[in-house]
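Please keep the sequence and the 3D view at hand while reading.

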Amino acid sequence: MTPIEAPLVRVLADDGSYAPSAEAERYLPLIDALTDAELEQFYRDMVVIRAIDTQATNLQRQGQLALWPPSRGQEAAQVGSARAARAQDTLFPSYREHAVTRIRGVDPVDILKVMRGTSHGGWNPTDAKNGNTRIYTLVLGSQTLHAAGYAMGLTFDGRTGTGDVDRDEAVVVYYGDGASSQGDVHEAMVFAASYDAPVLFFLQNNHWAISVPVETQSKVPLVSRGAGYGIPSVRVDGNDVLASYAVSRALLDETRSGAGPRAIEAVTYRMGAHTTSDDPTKYRHSDEEQRWAQRDPIARMRAFLEGRGAPASLFEQTDAEAADAAEDLRSRAITLTSPERSLIFDHVYSDPHPLMVEQKAWLNEYEASFEGSAS
């Protein structure tokens with residue numbers, strides 16, 4: 001069985017009609033409990049982050065960023081899961097979770113700082129305004145170890161599994177289909193399962209690990225990898241924001257209660273390039289892209305809301321909000337300045353270190369040796 005053939009939880013059909021799959025039945029009460037305002041917020045989240053993502057891609061093409069990893073097509077998986085997490089939960093992103101970070105309070109410009117090279121981290125994960133969101137990790141899969149270890153710590157400290165839903169904490173860690181083949185991911189699952197750590201492994205299967213198709217990476221659905229470690233795992237339509245939300249909320253409540261780790265494979269598609277340094281036309285065909293374009297998560301949710309009687313003003317206001325967010329991103333991005341080069345050395349160690357003092361002095365002397373140096 002290939003990953004495409006495995007059954008999955010789906011609530012909305014490709015045309016946006018309400019058509020739950022058999023696997024979705026147990027999650028429908030969570031969807032029925034959503035208010036009109038919450039459903040509309042899902043849509044706004046996806047539209048606004050796509051506008052921000054498009055603007056960031058344009059900024060890179062115009063020389064304002066060194067690199068940008070687009071998230072177009074993966075908005076539903078990210079929005080649903082991020083909205084499902086509770087305020088006290090801690091989230092560990094990879095490097096494409098632009099919707100997740102924005103929902104949790106991270107300023108998108110802080111992501112641009114990383115991609116422009118003006119920041120070594122982007123934001124302070126301990127600052128309350130960033131919603132317990134850890135910084136981006138470009139080393140594939142390493143964040144899963146960080147997440148598993150953090151979740152183990154929650155258990156040791158008695159900060160989970162008490163039965164208090166307003167206090168108990170859980171962890172969500174995001175990674176892709178390519179990262180799922182990394183040893184770090186499997187080691188993280190071993191420890192999480194062994195220690196009943198309250199962590200949700202959220203795999204976004206966007207079908208392409210740069211230029212390698214998912215079929216080359218695994219002969220079975222990727223959801224089987226978590227199950228292989230005894231971790232209850234669910235396969236979700238990653239272009240269905242309702243399915244992503246409901247399954248994430250259910251599994252997070254389970255792991256937060258002390259039931260051990262959980263895993264989700266969100267089946268989605270990367271509509272753009274892996275990063276702006278990539279050319280997907282070299283390894284995939286346009287007919288594949290066109291098939292997935294018909295499953296666009298934003299178009300699907302809009303059709304669903306229209307079918308429920310949402311007013312035209314909702315979509316007009318959302319488009320205006322998205323345009324404003326994109327313009328705000330641009331106006332602030334082009335004013336970013338480079339940091340002092342001393343920052344390269346200042347935070348390698350928590351305390352002053354003689355080796356760093358020596359290296360800083362050498363660099364200053366070396367750069368001052370060039371003709372025309374400001375020094």
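Which strands each supply at least two residues of the lining of the second largest pocket? They are β2 (171-176) and β4 (208-209). Strands here are DSSP runs of E with at least two residues, helices are runs of H or I with at least four, and both are numbered from the N terminus.

This is a predicted model, in which local features need pLDDT of at least 70 and side-chain atom pairs count only at pLDDT 80 or more, while totals for chains, interfaces and linings use all residues. Residues are numbered from 1 along each chain as its sequence is written, and side-chain values use heavy atoms, with hydrogens and water left out.

**Pocket and cavities**

Rolling a probe the size of a water molecule over the atoms shows where empty space is left. The search uses a 1 Å grid over the protein atoms alone. A cavity is a set of points where a 1.4 Å probe fits but cannot get out. A pocket is an open set with protein on both sides within 12 Å along at least five of seven lines. Lining residues have an atom within 4 Å of a point. Volume is the space filled by probe spheres set on the points, which are joined across faces, edges and corners.

The second largest pocket is lined by 20 residues. Tyr-95, Arg-96, Leu-140, Gly-176 and His-274 lie nearest its centre.

The structure also holds two cavities of 30 Å³ or more. Around the largest cavity there are 14 lining residues, with Tyr-175, Met-189, Leu-203, Leu-222 and Gly-226 nearest the centre. Two or more lining residues come from each of α7 (183-194), β3 (199-205), α9 (223-227) and β7.

The second largest cavity is lined by Ile-49, Ile-52, Trp-68, His-98, Thr-101, Pro-108, Ile-111 and Leu-112. Helices α2 (36-61), α4 (98-104) and α5 (108-116) each supply at least two of its lining residues. α5 gives the most, with three.

The table sets out volumes and lining classes. Ala, Val, Leu, Ile, Met, Phe, Trp, Tyr, Cys and Pro count as nonpolar; Asp, Glu, Lys and Arg count as charged; the others, Gly among them, count as polar.

| Space | Volume | Lining residues by class |
|---|---|---|
| Second largest pocket | about 260 Å³ | seven nonpolar, nine polar, four charged residues |
| Largest cavity | about 80 Å³ | nine nonpolar, three polar, two charged residues |
| Second largest cavity | about 40 Å³ | six nonpolar, two polar, no charged residues |

**Aromatic contacts**

The structure holds 11 aromatic pairs. Rings of Phe, Tyr and Trp (its six-membered ring) pair if their centres lie within 6.5 Å; planes under 30 degrees apart are stacked, over 60 edge-to-face, and the rest tilted.

Tyr-269 and Trp-292 are stacked, at 5.2 Å centre to centre with 5 degrees between the planes. This pair links distant parts of the chain, 23 residues apart: Tyr-269 is in the loop between β7 (262-267) and α11 (286-293), and Trp-292 is in helix α11. Both Tyr-269 and Trp-292 are buried. Buried means under 20% relative accessible area, exposed over 50%, and partly exposed in between (1.4 Å probe, protein chains only).

Tyr-366 and Phe-370 pair edge-to-face, at 5.1 Å centre to centre and 85 degrees between the planes. Tyr-366 counts as partly exposed because its relative accessibility is 41%. Phe-370 is partly exposed too, at 45%. Elsewhere, Phe-156, Phe-191 and Tyr-195 form one aromatic cluster.

**Charges over rings**

A charge sits over a ring if NZ of Lys or CZ of Arg is within 6 Å of the ring centre and within 35 degrees of the ring normal. Arg-295 lies over the face of Trp-292, 4.4 Å from the ring centre. The charged end of Arg-302 sits 4.2 Å from the ring centre of Phe-315, over that ring.
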